[in-house]
Amino acid sequence: MGAVAFGVAALSLLLPVFTAAEPVDRNGAAQAAVADTPRKWWETAVIYQVYPRSFKDSDGDGIGDLKGITSKLDYLKDLGVGAVWLSPIYPSPQADFGYDISNYIDIDPQYGTMSDFDNLLKKTHDLGMKLVLDLVPNHSSDEHEWFKKSVQRDGKYTDYYVWNDGKKSENGTMVPPNNWNSNFRGTGWEWNEQRQQFYWHQFAVKQPDLNYRNQDIVDEMKNVLRFWLKKGVDGFRVDAVITLFEDEQLRDQPYCDCGETDPTQRDYEKPIYTENLPETYAMVKEWRKVLDEFGDDKIMMTEAYATLDQTIAYYGTPDEPAASFSFNFYLITSLNVSSSASDFKKVIDDWMGKMDDFRKPNWVIGNHDQFRVGSFFRYGEELQDGINMISLMLPGTAMTYNGEEIGMDNTYITWAQTKDPQAINAGEKDYLMKSRDLERTPFQWDSSTSAGFSTNPSTWLPVNPNYFQLNMEAQAAADRSHLKMYKALLKARQLPAVQSSNYEASVWENVLVIKREIGGADSFIVLVNFDSSETDVPIDKIGSYSSLNVWTSSLNSNLKTGDSAKSTINMRPKSSVVLTTGAVPVPSTSGSGKLTSSYAFLTVLGIIVVLAL
């Protein structure tokens, strides 16, 4: 009994010492540490965008659906994401694959039923995640009942859309009232023979713009919000918010000296009369009031490709709040494969310089409208892990587009396979650089038929041929992978230093250094080498650390989780690493994983106790 008492006493003394360094216990400590500071759920969350057509097909028709998404919610929970954002799932003729809506308060039969949606919503909440829907308020489908009635000048529906008589040309034909171009090329005005007027469409011909100068439309859209909020959704991503209002006088856009020589392209003009009008900001504030009817934790994310000041204005003010946040697209629009560490530092600092206690940061590196992060058109394969580290290890909300966690690449789409109306309008010569099909191909789950996305070998867009090697199942089983690095980053996000709002960015040669530190907690340091040659980073140049441990690293790094550095950190070309002053999780190579050193010690101690009995 004396030996047993000794063993138990030793265990009781040593257990707190060694388990304190374990990731599980540190996560618990992190939650306790931040509990005293009230936060909205989204302020430090990862929000995962699902493109429904391409995520998971449950019925073998080659198109993703709601049941398919529901079947993969456990995977998303295991990743560690806080919310799932669904691209449009409403009834649609699919002229722009869901962004042309014919009924805002139902589910497209291709994706399932309202019952399927209710099941998806319930399971998402049961797993402790949030569900966010895509709101497309700028335009509807021309097959929406509102538009059909507007064409007929049916009562209140007469002015639901932006109509104009146009002008009579010298030869007597009717021409558009001004020079406004569509985002999808060519004039944004379409003649309707039945009504004998032009209607305005910022995007495709089949996407007529709604008229927000009509109070009935304002009320209709508020009721759309209320419909889904009553069902329990946690908020909305607002599509194309910048184009909500147009100049009442319909003045011509001025010429933009932006390098565009094709007068039919949107960028040939400065869209000062169709984007970011004052009335648009006021409308977002009205929507915020609707969300607040359902509590103070509903999220509204606005999509605004605009200047920094225009984007920031969508947050509103403390007295008149608007969006929870407006997407920070500057890691996409201001940077590319040739950008330096200093370029990245400037973009990060410029954004963070606009943040305060009211405006919270967010980071976006990809979505269904942008080429894949690792593609040649963006940052290249070698930097994709580093870009994920930057977005996921900076303060605030991080967005993940489905497939980024496994390093999915663009899929080459031939002209004959092209579905995207933006690409089709560009023509066969220029379609590839305008196409959004490349980043919308099916998720690569495994190496079976159609990458496990569907049992059907013919899918709505072709699966990337690299799925035999690049897929989720293979990466889950590998010793090192994009997926395992991603999951390690999401674990780090739960710890105090990364949960805090503190950050410091600096540059050593062409290596970006991001430090996340807070008193009394382990520090985290991100290093991303943007150079095409090796670089040794002296530890004493980035901080007063006696040594640093590797939390996770890019696949092209020679450093591995658990490695320690005391003087310099060797950075291979385009490699990246996350370092910490604390203990690190030991990567698992099997279902049971490996013991950390402290647990190994306790295991040995337990054996000694048993032997002593």
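Q: In this predicted model, pLDDT is the predictor's confidence in each residue, from 0 to 100; what is its mean over the chain?
A: Of the residues in the chain, 89% reach a pLDDT of 70 or more. The mean pLDDT of the chain is 90.

Q: What distance separates the end C-alpha atoms of helix α5?
A: Helix α5 comprises the 13 residues 114-126. At 1.5 Å a residue, with the span taken as 1.5 Å times one less than the number of residues, α5 should span 18 Å. The model agrees with this expectation, since the end C-alpha atoms of α5 are apart by 18 Å.

Q: Within what arc do the buried residues of α5 fall, seen down its axis?
A: The buried residues of α5 are Met 114, Asp 116, Phe 117, Leu 120, Leu 121 and Thr 124. They line one face of the helix, because seen down the axis of α5 they fall within an arc of 155°.

Q: Which residues are exposed on the other side of α5?
A: The buried residues of α5 are covered by elements including α3 (66-71), α4 (73-79), β2 (83-86), β3 (130-135) and α7 (215-231). On the other side of the helix, the exposed residues are Lys 122 and Asp 126.

Q: Which residues touch the most other members of the largest nonpolar core?
A: The largest nonpolar core has 140 residues. Apart from it lies another core of 16 residues, among them Leu 527, Ile 539, Leu 559 and Ile 569. Within the largest core, the residues that touch the most other members are Leu 76 and Phe 117.

Q: Which residues are in contact with Leu 76, leaving aside its neighbours within four places in sequence?
A: Contact here requires heavy atoms within 4.5 Å. Beyond those sequence neighbours, Leu 76 is in contact with Tyr 48, Val 50, Phe 55, Val 81, Val 84 and Met 129.

Q: Over how many bridges do β7 and β8 pair?
A: Strand β8 covers residues 197-200, and its Trp 200 stands opposite Trp 189. β7 and β8 pair in the antiparallel sense, and the number of bridges is 4.

Conventions
Residues are numbered from 1 along each chain as its sequence is written. This is a predicted model: local features need pLDDT of at least 70, side-chain atom pairs count only at pLDDT 80 or more; totals for chains, interfaces and linings use all residues. Side-chain values use heavy atoms; hydrogens and water are left out. Two strands pair if DSSP finds at least two bridges between them. Helices (H or I, at least four residues) and strands (E, at least two) are DSSP runs, numbered from the N terminus. Buried means under 20% relative accessible area, exposed over 50%, partly exposed in between (1.4 Å probe, protein chains only). The arc is that of the directions from the helix axis to the C-beta atoms. A nonpolar core is a set of buried Ala, Val, Leu, Ile, Met, Phe, Trp, Tyr and Cys residues joined through side-chain atoms within 4.5 Å.
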